[in-house]
Amino acid sequence: MSWTSLTGGGRKNSRAGSPATVLPEAEDVEAATQRHAIVSTTRFGDLEIDQERVITMTAPFWGFPGSTRFFLQSHSGNSPLMWLQSIDDPALAFVVVPPAVIDREFKPPITGPVRKELGIDRDGDLDVLVILTVPAGRPREMTANLLAPVVINVRKRLAKQVLLDPVQYDPCWPVFG
């Protein structure tokens, strides 16, 4: 939420002779301030994050037990790549992408227990991201972890890294073949 969105809940300044101005109610400003937090990251510096963007992991990523709160940050305006940035560890960020961008056939099975853990009642709440590994200076050697995608309940902002069948899914699937 940006400050400009608060103007819809504001009040008009009705002083005679002055142009009408929409001012946010003091409660709106206070609520917006409470919804935002400054998050320090090593990659992006300090960012102001709306609490509505925070994704909570129901279990931490394997190997990163101290990080359970993340947010998505765009890589750049035209790129489908995003960063899943940890709030708990300023240096931890994963490059992620919707799987359809790299493989339209990848549709991982999301089991009933995972749906229950994430509170997914309808498919419209479900989204999947895959983590990419991009070797420094060699982006053409990028791989995607199809074995352990990140499943997100976008409505409740709950997520979990799910381990699939290693016989069917590759943890180092070459993005460029």
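Me: Is F70 buried or exposed?
Reply: This is a predicted model, where local features need pLDDT of at least 70, side-chain atom pairs count only at pLDDT 80 or more, and totals for chains, interfaces and linings use all residues. Residues are numbered from 1 along each chain as its sequence is written, and side-chain values use heavy atoms, with hydrogens and water left out. Buried means under 20% relative accessible area, exposed over 50%, partly exposed in between (1.4 Å probe, protein chains only). F70 has 0% relative accessibility, so the residue counts as buried.

Me: How many aromatic pairs does the structure hold?
Reply: Rings of Phe, Tyr and Trp (its six-membered ring) pair if their centres lie within 6.5 Å. Planes under 30 degrees apart count as stacked, over 60 as edge-to-face and the rest as tilted. On that basis, the number of aromatic pairs is six.

Me: Which kind of pair do F70 and F94 form?
Reply: F94 is buried too, at 12% relative accessible area. The ring centres of F70 and F94 are 6.3 Å apart. Their planes meet at 35°, so the pair is tilted.

Me: Which kind of pair do F106 and Y169 form?
Reply: F106 is buried, and so is Y169. Their ring centres lie 5.6 Å apart. The planes are at 85°, so the pair is edge-to-face.

Me: The charged end of which residue sits over the ring of F176?
Reply: A charge sits over a ring if NZ of Lys or CZ of Arg is within 6 Å of the ring centre and within 35 degrees of the ring normal. Here the charged end is 4.1 Å from the centre of the F176 ring, and it belongs to R140.
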